Number of protein chains: 2
Amino acid sequence: MSVKVAIMGATGAVGTELLEILAERNFPIGELRLLASKRSAGKKLSYAGQNITVEELTHDSFRGIDLVLASAGGKHSKEFAPSAVKAGAVVVDNTSQFRMDPGVPLVIPEINPEDIAKHKGIIANPNCSTIIMALPLFPLHKKYKLKRVVVCTYQAASGAGAVAMDELLEETRANLEGKPFTRSVIPHPYAFNLFPHNSPMTDNGYCEEELKMMKETRKIFHDDSLRIHATTIRVPVLRAHSEAINVEFEGNPSIEDVYALLRNAPGVEVLEDRSANRWPMPLDASGKDPVLAGRVRRDLSQPNTLDFWVVGDQIRKGAALNAVQIAEKLFR
Amino acid sequence: MSVKVAIMGATGAVGTELLEILAERNFPIGELRLLASKRSAGKKLSYAGQNITVEELTHDSFRGIDLVLASAGGKHSKEFAPSAVKAGAVVVDNTSQFRMDPGVPLVIPEINPEDIAKHKGIIANPNCSTIIMALPLFPLHKKYKLKRVVVCTYQAASGAGAVAMDELLEETRANLEGKPFTRSVIPHPYAFNLFPHNSPMTDNGYCEEELKMMKETRKIFHDDSLRIHATTIRVPVLRAHSEAINVEFEGNPSIEDVYALLRNAPGVEVLEDRSANRWPMPLDASGKDPVLAGRVRRDLSQPNTLDFWVVGDQIRKGAALNAVQIAEKLFR
């Protein structure tokens, strides 16, 4: 089998990672078309040792294409995904555009691979913070049923793209040198600072990032009764999100059982050294596939409640890797 | 009235801030003795325009002294506070050494000033994260009674002292320049990274910093039934701690009422611009007295539950300012 693949947003942080992961995993590529804005057209990107020229994204870009991996922002997905589907391609969309559309499966392959088959041309890739939380939560939910989840995130710059990562580095450099710096991507001072996630606020006081974690997890788990409360904070870290997850269960798992479930959870790796007070950190997860989990504690404030700590690469499992895994299920 | 003051640990981050705050607030100083380790003896520090020579801390340092402000670490407080008390001084201790001692008042002047009068020579200053959480929580507790608090912190380098702040800056500089860096204070990579608080782990899986927030708040509020669950994380920020606080109440306050209580809470200032998606940030609080609060939300996952976000200067209200406020109550 050989698949004709187009990448929308090929020059971005996720696009670049998609190229790496497709090569790494020997995805059976017959043809590879790299699509981006007019500004980036003509650039060359390397894939598996070859240089490929970036083309401008148009409605005609999808002729003959089997698979579109889209990460050029919600507006572009909204505009171009229908053309891709019309041209006969399946779109795996990294943006939030179609995620809550009842006709679009929202998939983490380790959790709900069966939903892939229900697609009508578009499959949505969940939000990065959602994926990193859902992977370790799902096996716990299956065995002990979640009653309520309270999650606080520590999110990296990469969630706002490669430009935000560059801006964090450049602003920090300017700060250390005592030089002025003009931000163009991140709306607040970011060097040695942090702030609640800058996605738009909604009427109920949650920002969109928080609501994504709450709503998308319900859709992926097929459980509308799931009670989740999220607080999403951007911290001056480059590319891995951390999350402190507090879970009240219907059942009462032991700490040992939570560790056993996390150790066996596909896509999750327990990384800790309790005696050395050593737990997962963003630098451990950066560039790695598994979501790293650890620091499981019994919550002394409430029965049937435990708490753990996870860190996952936002660009990899939080975006590009998950999309490629969906593609593998589709075409292998 | 004029007070003879000794500062233990005068050259540290909190010591330096104590000097600034005493001058700023015109504390009625009759004599000022700056005490530090042998290594720092002979250094000169400036106080209100005067240069004062740092003396080596010994058991004889407290002759004639009325007030000792101690922030030279728990070991030194344990060793030297009894000598200070014997010499007739009152010790306001910034370390954790005596905080949970039933004979030692643990005081946030805005909350339990009446406890100051019960001292037998030592008054303990609470943990920085505890103070920053307790100030906004107390008026909410008084009116609506807390049922359960889940708090996640985003803690600055300053909690580990001036040396840790310097190390964060130097490690970040080395990181940006691609140079190797050898850490001597912080046990983990800190540039563009974060990690669960490195205070010692205890048998129940909480680190000491977390247990401090839980136990100290109960003591300050005089309510042993308070259910608090804390997760403490160190982030690459210099000197202000942020905290995401989720509170289940016995009563059911409206969002408006929580804002009103926070606005009226002594030592707390509401800082936000909802329409601009602008909330308190560490840089807003750095070098400032009030704890900044905002982003009050109703938690959609559970009845009678609200959530808010606070940021406070770790060195000021988290340590030095609170100690000076206790001293003012003692001597004014």
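Which residue in E12(B) is the bridge partner of B:Tyr154? In this predicted model, the partner of B:Tyr154 in E12(B) is B:Ser242. Residues are numbered from 1 along each chain as its sequence is written, and chains are lettered from A and ligands numbered from 1 in the order in which they are written. Because the model is predicted, local features need pLDDT of at least 70 and side-chain atom pairs count only at pLDDT 80 or more, while totals for chains, interfaces and linings use all residues; side-chain values use heavy atoms, with hydrogens and water left out.

Strand E12 of chain B spans residues 240–249. Strands (E, at least two residues) and helices (H or I, at least four) are DSSP runs, numbered from the N terminus. Two strands count as paired if DSSP finds at least two bridges between them. Strand E9 (residues 146–155) of chain B runs antiparallel to E12(B), and 8 bridges join them. E12(B) also pairs with strand E15 (residues 305–313) of chain B, in the antiparallel sense over 9 bridges; here B:His241 has B:Gly312 as its bridge partner in E15(B). Of the 10 residues of E12(B), 10 are buried, where buried means under 20% relative accessible area, exposed over 50%, and partly exposed in between (1.4 Å probe, protein chains only). In a regular strand the side chains alternate between the two faces of the sheet. In E12(B), B:Ala240, B:Ser242, B:Ala244, B:Asn246 and B:Glu248 point one way, and B:His241, B:Glu243, B:Ile245, B:Val247 and B:Phe249 the other way.

Chain B also holds an open sheet of 6 strands in the order E5-E2-E1-E6-E7-E8, with parallel pairing. Strand E5 (55–56) and strand E8 (122–124) of chain B each have a single partner strand, so one side of each is left without a neighbour in the sheet. Strand E1 (residues 3–8) and strand E6 (residues 67–70) of chain B run parallel and are joined by 4 bridges, with B:Met8 opposite B:Ala70. On its other listed pairing, E6(B) is joined to E7(B) by 4 bridges, again parallel, and B:Leu69 has B:Val92 as its bridge partner. Within E6(B), B:Leu67 and B:Leu69 point one way and B:Val68 and B:Ala70 the other, and all are buried.

Helix H1 (residues 13–24) of chain B lies across E1, strand E2 (29–36) and E6 of chain B, at about 155° to E1(B). Helix H2 (residues 74–86) of chain B lies across E1, E6, strand E7 (90–93) and E8 of chain B, at about 160° to E7(B). These angles run from 0 to 180 degrees between N-to-C directions, with axes fitted to C-alpha atoms, for helices over the stretch in contact. E6(B), H2(B) and E7(B) make a right-handed β-α-β unit: with the strands pointing away from the viewer, the path from the first strand over the helix to the second runs clockwise.

Strand E3 (residues 44–47) has a covered face, B:Leu45 and B:Tyr47, and an uncovered one, B:Lys44 and B:Ser46. E3(B) pairs with strand E4 (residues 50–53) of chain B in the antiparallel sense over 4 bridges, B:Ile52 being the bridge partner of B:Leu45. There are 2 residues between the strands, and B:Ala48 in the turn has a positive phi of about 50°.

In chain A, an open sheet of 6 strands has the order E5-E2-E1-E6-E7-E8, with parallel pairing. E1(A) and E2(A) pair in the parallel sense over 6 bridges, and A:Ile7 has A:Leu34 as its bridge partner. H1(A) lies across E1, E2 and E6 of chain A, at about 155° to E1(A).The 12 residues of H1(A) (residues 13–24) should span 16 Å at 1.5 Å a residue, and the end C-alpha atoms are 17 Å apart, which agrees; the expected span is 1.5 Å times one less than the number of residues. Just after H1(A), A:Asn26 takes a positive phi of about 50°.

The largest nonpolar core has 90 residues, and A:Ile7, B:Ile7 and B:Leu69 have the most contacts inside it. Such a core is a set of buried Ala, Val, Leu, Ile, Met, Phe, Trp, Tyr and Cys residues joined through side-chain atoms within 4.5 Å. Leaving aside neighbours within four places in sequence, B:Ile7 is in contact (heavy atoms within 4.5 Å) with residues including B:Leu18, B:Leu34 and B:Leu69. A second, separate core of 57 residues includes A:Ala70, A:Val151, A:Ile220 and A:Leu262. A:Leu262 is also one of the buried residues of helix H6 (residues 255–264) of chain A.
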